[in-house]
Amino acid sequence: MDRYSILRSINLDLIEYIQKKVRVKFDYRSRVPLCFYFKDKCYWIHEIVLAVKTYKELPINGFIVRSNKEIFFLYFHFFNFNKKKVFNEGNWVLSYKILNNDETMYFYREERNMLVNMTLKRIADFHGHVCPELIIGAKFCEYVMQLINQKGSKNSNIFIIAENSTSAIDAIQILLGTTLGNQRLKIIDKGKHNYLVYFLNEMVSLKFAFKYSSFIDGIDFISIEKKILENNATIDDVIQYQDLIDNKITTLMNLSPSDVFNVEKIQWKEPEYEISGSYFMCSSCKEIVLRSKLIYYKGKFYCSTCFNKIKCRAEYLNIQ
Ligand SMILES: [Zn+2]
Ligand SMILES: [Zn+2]
């Protein structure tokens, strides 16, 4: 179970309440629990999944922890918190155990057709979790598949340029079979869900641009995200955060591909491929570089890293 499914399980009350005082070995330097004792057994903590506050005004005192394959929520209950004191009295409480559930089941609660479910299961299994970007990628693929079927074409005859390097890339690689490895997918990361699709047989290229404006994050989302990044979030904050993300996922899942993307025809240009097997040595670092990636500068060939260093130095010294 990953962090996403853990938070979903808590939100859905898929937990087993324990609510017992326990003894904890705590590392005061890194300020995390190392193990706890429950039913005469020592549970070593292998991972702190999340560190949160149980009260806004108090410091971090709650931990979602992984011990072997089990996940627990453990917190320190302060008797009387005093900011000025280094050590505050209280006791540890083992609050609940999180029950294991199949993550994709969460999204199947509503009735949907089997095909959609199977597709989601396939990409979620490969990617490791369900997230909004994965669904955007899946919607894009659904759109492309519709066009391929209309044209009576094949997946193997398309080339894609993706303008982001998010989880959407996994959906594309799985569902369309255009991968970075087979060079039918290229990433030019601009942080946008834009995709250029080249239908090689027809010599037609289309630009898919993400248009779903409700996807832009609201103030509540941004403020919780800020709290989480600053280690200032309560357990309720992180659960609410996951809930907002899940709302995005379910909304996206129920939209038709044409609600998610604008499509326009763009001028055809044969995509550039890497010629496999053609390598050269960088004049500076002596590393072997794909020939098409070399940069020719003042009579020598450089890799992009070395070229950028030379260029920066030249600009710094104000020489060309
Ligand atoms: Zn993801
Ligand atoms: Zn180099």
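Colleague: How many bridges join β8 to β10, and do they run parallel or antiparallel?
Modeller: This is a predicted model. In it, β8 and β10 run antiparallel and are joined by 5 bridges. Within this pairing, Phe 159 stands opposite Tyr 198 of β10.

Colleague: Which sheet has β8 and β10 in its order?
Modeller: They belong to an open sheet of 5 strands, ordered β9-β8-β10-β11-β12, and its pairing is mixed.

Colleague: Which strands stand at the edges there?
Modeller: The edges are β9 (185–187) and β12 (261–266). Each has a single partner strand, so one side of each is left without a neighbour in the sheet. On average, neighbouring strands of this sheet are turned by 20° against each other, direction ignored.

Colleague: What is the order of the open sheet of 7 strands?
Modeller: The order is β3-β2-β1-β7-β6-β5-β4, and the pairing is antiparallel. Its edge strands are β3 (41–44) and β4 (47–52); because each has a single partner strand, one side of each lacks a neighbour in the sheet. From one strand to the next, the twist averages 35°.

Colleague: How many bridges does β7 form with β1, and how many with β6?
Modeller: Strand β1 (residues 15–27) pairs with β7 (residues 90–98) over 6 bridges, in the antiparallel sense. Here Val 22 has Trp 92 of β7 as its bridge partner. Strand β6 (residues 70–78) also pairs with β7 in the antiparallel sense, over 8 bridges. Phe 72 stands opposite Lys 97 in β7.

Colleague: And what stands opposite Lys 25 in β2?
Modeller: That is Cys 35. Strands β1 and β2 (residues 32–38) are antiparallel and pair over 5 bridges.

Colleague: Turning to the helices, at what angle do α4 and α5 pack?
Modeller: The angle between helix α4 (residues 132–151) and helix α5 (residues 168–176) is about 35°, and their axes are 7 Å apart. The crossing is right-handed.

Colleague: Which residues make that contact?
Modeller: From α4 they include Leu 134, Ile 136, Phe 140 and Val 144, and from α5 they include Ile 169, Ala 171, Ile 172 and Leu 175. By class, the contact has 12 nonpolar, 1 polar and 2 charged residues.

Colleague: How many residues has the largest nonpolar core, and which have the most contacts inside it?
Modeller: The largest nonpolar core has 32 residues, and among those with the most contacts inside it are Ile 123, Leu 134, Phe 140 and Ala 171. The elements that each supply at least two residues of this core include α3 (114–127), β8 (158–162), β10 (194–199) and α7. The largest share, 8 residues, comes from α4.

Colleague: What does Ala 171 touch?
Modeller: Leaving aside residues up to four places away in sequence, Ala 171 touches Ile 123, Leu 134, Gly 137, Ala 138 and Cys 141. There is also a second, separate core of 23 residues, which includes Ile 10, Val 65, Leu 94 and Ile 224.

Colleague: Why does α6 lie largely in the open?
Modeller: Helix α6 (residues 219–229) lies largely in the open because the number buried is 1 of its 11 residues. Asn 231, which follows α6, has a positive phi, near 60°.

Colleague: Where is the place of Asp 243?
Modeller: Asp 243 is in helix α7 (residues 235–254). Because Asp 243 has 13 C-beta neighbours inside 10 Å, it counts as partly exposed. Asp 243 and Leu 7 are 236 residues apart in sequence, but 8.5 Å apart in space, C-alpha to C-alpha.

Terms used:
Residues numbered from 1 in each chain as written. Chains lettered and ligands numbered in written order. Predicted model: local features only at pLDDT ≥ 70, side-chain atom pairs only at ≥ 80, totals over all residues. Axes fitted to C-alpha atoms, helices over the stretch in contact; angles between N-to-C directions. Helix = DSSP H or I, 4+ residues; strand = E, 2+ residues; numbered from the N terminus. Left-handed = near helix turned anticlockwise from the far one by under 90°. Contact = placed C-beta atoms within 7 Å. Nonpolar A, V, L, I, M, F, W, Y, C, P; charged D, E, K, R; others polar. Pairing = 2+ DSSP bridges. Buried ≥ 20, exposed ≤ 12 C-beta atoms within 10 Å, placed from the backbone. Core = buried A, V, L, I, M, F, W, Y, C linked by C-beta atoms within 7 Å.
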